[in-house]
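This briefing covers helix packing, a charged pair and a surface patch, in that order. Please read it alongside the sequence and the model displayed here.

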Amino acid sequence: MHLAALCPCQCRILAETRAGRALPGWDRLPRRVRDLHWPPLAVVPSGVTLRAMCSGKLQTALLVAGYFVYLLVGAAVFQALERTAEKQEKMAAAQMKEAFLQNFTQLTVAEMEQFMKNLIEAIQNGVYPVGNESQFEESNWDFSNSFFFAGTVVSTIGYGTLHPKTVGGQIFCVFFALFGIPLNIVFLHRVGKMLSLLCKKLGKFLYEKGMRKKKIKFLTLLFFLATGILVFLCLPSVFFQITEGWSYSEGIYFAFITLSTIGFGDYVVGKQSDRKYFSYYRVLVAIWIIFGLAWIALLFNLLTTVLEDTEKIIVKDLQQIGKVSKDSVGSQQRRCWPVQFIPEEELLPPRAGGDAQKMESLTADSEHTKNEKKVFSNSNTIALTC
C-alpha cells in the first residue's frame, strides 16, 4: 500500500513511531503498512540505556571475579595436594646427596649410574639438590608458584618444569583444565573486546577531528601494535633482565614464547636457586600472562585477517591477468585464421564516425560497380543478338 493512500492522521502515527516517539494507533494501521515499516523504532528511555550499561559492567565484573577466584581455588588445592609429596622428595634427594658425598670414592659403576638416574629424576620433579639445607625448605608449591601453575594450565602454556606428581593432583588437574580452559577463553574474549573498544574510541575521536577513515584505520592499528609491544613485550623484558639476570634478547624471547602459548620451558621465571625473588613475584607474572594472551590473540586474529585479504587480492589479480591473457591469445588466434573462417561481423565491426561512413561508401561503390558491370554485359548481349 502506498503512503499516499493513508490519511494525515495515519501518516503522523507512522512518522512519529518511526522517529522513535511511539503513539497509540500503530496497531490500527493497515497490515501492509505495518509489514512494510516493521519493526517500528522503539522508544528507549535513558533509564533503560543506563540499566543496560550497568548490566554489561556487572557481567564483566562477575566474569573477572569468577575467573580469579577459580585460579585462587585451584592454586590452594594444588598446594594442599602436592606440598607434602614434594617435601618427601626433597628429603630423599638430600639423603641421596649426603650418601654420595660420603661414599663417592667407593661407588661402583652400577651405583654411580643409579645415582645419576635418581638425580635426573629429582631434577625432572622440580627438586634441585644444590646448596645448603635452607634451600630445601623453600617449596615449589607455595601459593605464588601454585597460582602461577594454575595460570599456565588454563592458558595451555604448559612449561613442563612444574607438574603434579600425586594421583590426586593429576586427577584434579584434569578436571581443573577441563573447565578452566573454556573459562579462560571467555575471559580473554571479554578482555579483547575491552581492548578493541579502546581502539574504537580512539578512532571515533580522530574521526570527530576531521581525519579520513583510511588514515584513522592505519593510526588505530599502529597504536594497538605499538602499545601492545611496549606493554607486553618491551617493558616486561627489562623487568626480567633485572630480576632473572637474563639478557634483553632472552627476555623478549621468553615473553613471546610465553604469550604465544608455545612454552618450551627452557626459560621459566623464578627457578634460579642462586637468586632471591620477592613474594608473589610469579603471581604478577601470571597476571601479565593473562592480559598479554588477550592482546596477542587479537594480534594473531588481525594478522590472519590481513593475510586472508591479501590472498583474496592476489587471487583476484591472477584471475584478471589470466582473463586478459586468454583474450589476447584468442585475438591472436583469430588473426591466424583464414578469412573464410572469420565471421563477417568480426571483419567489419561497427564503428562510429568517419570509419563507418568510409565502410558504407566502399560498400556502395562496390554495389555500383557490380551494377555497371551487369548493365554492360546485358548491352553486349543485346548487341550480339542483333
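Helices α7 and α8 (residues 213–244) pack at an angle of about 145°, with their axes 9 Å apart, where axes are lines fitted to C-alpha atoms, for helices over the stretch in contact, and angles run from 0 to 180 degrees between N-to-C directions. This is a predicted model, in which local features need pLDDT of at least 70 and side-chain atom pairs count only at pLDDT 80 or more, while totals for chains, interfaces and linings use all residues. Residues are numbered from 1 along each chain as its sequence is written, and side-chain values use heavy atoms, with hydrogens and water left out.

**Packing of α7 and α8**
- Cys199, Leu202, Gly203, Leu206 and Tyr207 of α7 meet Lys213, Ile216, Leu219, Thr220, Phe223 and Phe224 of α8, contact being defined as heavy atoms within 4.5 Å.

**Packing of α6 and α7**
- Helix α6 (residues 143–154) packs against α7 at an angle of about 65°, with the two axes 8 Å apart, and α6 and α7 are therefore roughly perpendicular to each other (65 to 115 degrees; under 35 is roughly parallel, over 145 roughly antiparallel and the rest oblique).
- The contact is made by Phe149, Ala150, Val153 and Val154 of α6 together with Cys173, Phe176, Ala177, Gly180, Ile181 and Asn184 of α7.

**Packing of α8 and α9**
- Between α8 and helix α9 (residues 248–259) the packing angle is about 125°, with the axes 8 Å apart, and these helices are therefore oblique to each other.
- α8 passes α9 in a right-handed crossing.

**Salt bridge**
- The structure holds one salt bridge, a term for a side-chain nitrogen of Lys or Arg within 4 Å of a carboxyl oxygen of Asp or Glu.
- Lysine 90 forms a salt bridge with glutamate 86, and their closest N and O atoms are 3.8 Å apart.
- Because they are four residues apart in helix α3 (residues 46–103), lysine 90 and glutamate 86 are separated by about one helical turn.

**Nonpolar surface patch**
- Val167, Ile171, Val174, Phe175, Leu178 and Phe179 make a nonpolar surface patch of about 630 Å² (residues with over 30% relative accessible area and no salt bridge, nonpolar side chains being joined within 5 Å), with areas from the Shrake-Rupley method and a 1.4 Å probe.
- Leucine 178 lies in helix α7 (residues 167–208), helices being DSSP runs (H or I) of at least four residues, numbered from the N terminus.

Notes. Patch = residues over 30% accessible without salt bridge, like charges linked within 9 Å, V, L, I, M, F, W, Y side chains within 5 Å. Helix = DSSP H or I, 4+ residues; strand = E, 2+ residues; numbered from the N terminus. Left-handed = near helix turned anticlockwise from the far one by under 90°.
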